[in-house]
Amino acid sequence: MANVITDETIEYVGILAKLELSDEEKEQAKKDMGRMLDYIDKLAELDTAGIEPMSHVFPVQNVFREDVVTNGDESEKTLRNAPGEKDNMFVVPKTFE
Amino acid sequence: MDILEYSAVELSAAIREGKVTATDAVEAVLARIDAREKDINAYVTVDREQALRAAASVQEKIEKGELTGPLAGVPVAVKDNMCTEGMLTTCSSKILENFVPTFTSEAVVNLERAGAVIIGKTNMDEFAMGSTTETSAYGVTRNPWNTAHVPGGSSGGSAAAVAAGECFFALGSDTGGSIRQPASFCGVVGLKPTYGTVSRYGLIAYGSSLDQIGPLTKNVTDCAAVLELIASHDTKDSTSVRREDTDFTSALVDDVRGMKIGIPRDYLGDGLDAEVKEAVLAAAKVLEEKGAVVEEFDLSLVEYAIPAYYTIAAAEASSNLERFDGVKYGYRTSSYEGLHNMYKKTRSEGFGAEVKRRIMLGSFVLSSGYYDAYYLKALKVKAMIKKAFDDAFARYDLILGPVAPTTAPRLGESLSDPLKMYLGDIYTISVNLAGLPGISVPCGKDTKGLPIGLQMIADSFQEKKLIQAAYTYEKTKRGCGKWQSNMRQ
């Protein structure tokens, strides 16, 4: 089964992945993804009826702890990495009018 | 004796005995870096002042008897996907070109506490996605045995640094073979621990259910000593496992009598280079002569591991890498119109081709309408693969085979065909899917003079069996020779 990736699919995946691709990159992505999916389709050969999907190899439970602050105020250190910073806050483009 | 010829454990002993100082060791490594880095490019960042300061402080503590551990005073290189407070951490990506973490990853904290001295951060495939260290935004790393060849990946910088004497040991991370395969290509020892053994706190995530930090070292003794230090239960990593049996150096015993070793026939078939096969089977013979019971068996499902792995890893990567958006840290595009355009442009300019390829594949297999057919299917196949290993370990103490189908390819040969590159991971990735420990030990060289690695895999939490068998093999001196006799230039 050959997977044909359409322009619409690539547009949609671009939205999900938050990536803006050039026309050339889109053409390449269509080819690459189609080829990978053809390969992944090999999994369909296996009968997995009745098998539980395994997300974790050990039977781990979620780990809870008390909601207690253990570190101090690190905002100054953290903001030193910010691409844009003003008055102890991150600067972002206007998000609504 | 040249300081660089010491193993990590030998060096620390020499420092404690007053034969050399921690500062001597750092200076020797820095001189080696000056001599070799222009050819190798193992490091993204070398922090000289910080290393010399740390060495002086550690030396003082050793003299006062405050630091007595087996790695005190030893220079270490850390893969650039582990956060180090105050030291640039790029993941070899443009998107983190200016990221200076405000905290240190738990594995590195454990090393610092024991007096190891951080020299710098090693080059890698961008976000650990690759098998050659050619997808780094900061240039390729070259194999110290032959600089026309790749060092493997994604922990290629760590493996090359150890092999070239540019550190005494290194930390890497292994999501699908990224410690074991470069260790194999560079002729050093590399171990991927059981999932949950080493805290992932501060390790920049690629495939969270598969990632594990582990050592790359000159020999098996160093490997056990490093693993013993970095293994710890950590409440900051919810998948961290509480283990009592982390005294790994107790397994440095030269004896494999009665040990049952299985060689999967599926690991010896088409695609395996004849010289690699010969070296691996010769190593199995050596263990047999030392008293192990060795036989071939059918593991099954091997060819399904790669498609299952790339589905799961890409899915997790697409989710983990959502955080890189140009808001709180890292690269931000210079011109944009509105928030969404800023996200998109930042990510498109900041990520390289292989990272984009995997993010897109991952977004697709998780998307509505495809989730069941791809992602869920892969998780079911993962369960089947784990079962196949469970069945094997009901009969064998260890599984033995090659690490990779070939020795290190030439630079530039791999990236043109991603699928072909992925197929090179066939012997390593199922170990990550099943959460098992695996080790790569040098077992010879091919006619081109490139190292060949022997892989051994154990059941969960059985690292001691790996260490014991690897140590026993190493004692017979059939590896590929120490770096100093092969690479002094």
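These exercises look at the contact between two chains and at the spaces inside a predicted model.

In this predicted model, local features need pLDDT of at least 70 and side-chain atom pairs count only at pLDDT 80 or more, while totals for chains, interfaces and linings use all residues; side-chain values use heavy atoms, without hydrogens and water. Residues are numbered from 1 along each chain as its sequence is written, and chains are lettered from A and ligands numbered from 1 in the order in which they are written.

**Exercise 1. Describe the contact between chain A and chain B.**

Step 1: count the residues. Contact means heavy atoms within 4.5 Å. Chain A brings 52 residues and chain B brings 68 residues.

Step 2: take the area. Buried area is the accessible area (1.4 Å probe) that two parts lose on being put together, summed over both. Between chain A and chain B it is about 5200 Å². Carbon and sulfur atoms give 70% of that. In chain A, the residues that lose the most area to chain B are A:K18, A:L43 and A:N81. Together they make up 13% of what that side buries.

Step 3: count the polar contacts. Such a contact is a pair of N or O atoms within 3.5 Å; within protein, one must be able to donate a hydrogen and the other to accept it, and residues adjacent in sequence count only if both atoms are side-chain atoms. The interface of chain A and chain B has 15 residue pairs of this kind, both residues at pLDDT 80 or more.

Step 4: find the elements on the side of chain A. Helices (H or I, at least four residues) and strands (E, at least two) are DSSP runs, numbered from the N terminus. α1 (7-17), α2 (23-40) and α3 (75-79) of chain A each give two or more residues to the side that touches chain B. α2(A) gives the most, with 9 residues.

Step 5: sort that side by class. Ala, Val, Leu, Ile, Met, Phe, Trp, Tyr, Cys and Pro count as nonpolar, Asp, Glu, Lys and Arg as charged, and the others, Gly among them, as polar. The side of chain A that touches chain B has 29 nonpolar, 10 polar and 13 charged residues.

**Exercise 2. How many salt bridges link chain A and chain B?**

Step 1: apply the rule. A salt bridge is a side-chain nitrogen of Lys or Arg within 4 Å of a carboxyl oxygen of Asp or Glu.

Step 2: count. There are 5 between chain A and chain B. Over all chains the structure holds 34.

Step 3: look at pairs. B:R357 meets A:D32 at 3.0 Å, N to O. B:E85 meets A:K77 at 3.1 Å, N to O. B:E85 lies in the loop between β2 (75-79) and α4 (106-113) of chain B and A:K77 in helix α3 of chain A, so this pair joins two chains.

**Exercise 3. Which residues line the second largest cavity?**

Step 1: apply the rule. On a 1 Å grid over the protein atoms alone, a cavity is a set of points where a 1.4 Å probe fits but cannot get out; lining residues have an atom within 4 Å of a point.

Step 2: name the lining. Among the residues are B:Y267, B:L299, B:V302, B:F389 and B:S430. α12(B) gives the largest share, 3 residues. By class, the lining has 9 nonpolar, 2 polar and no charged residues.

Note on methods: 1 Å grid on protein atoms, 1.4 Å probe; cavity = no way out; pocket = protein on both sides within 12 Å on 5 of 7 lines; lining within 4 Å.
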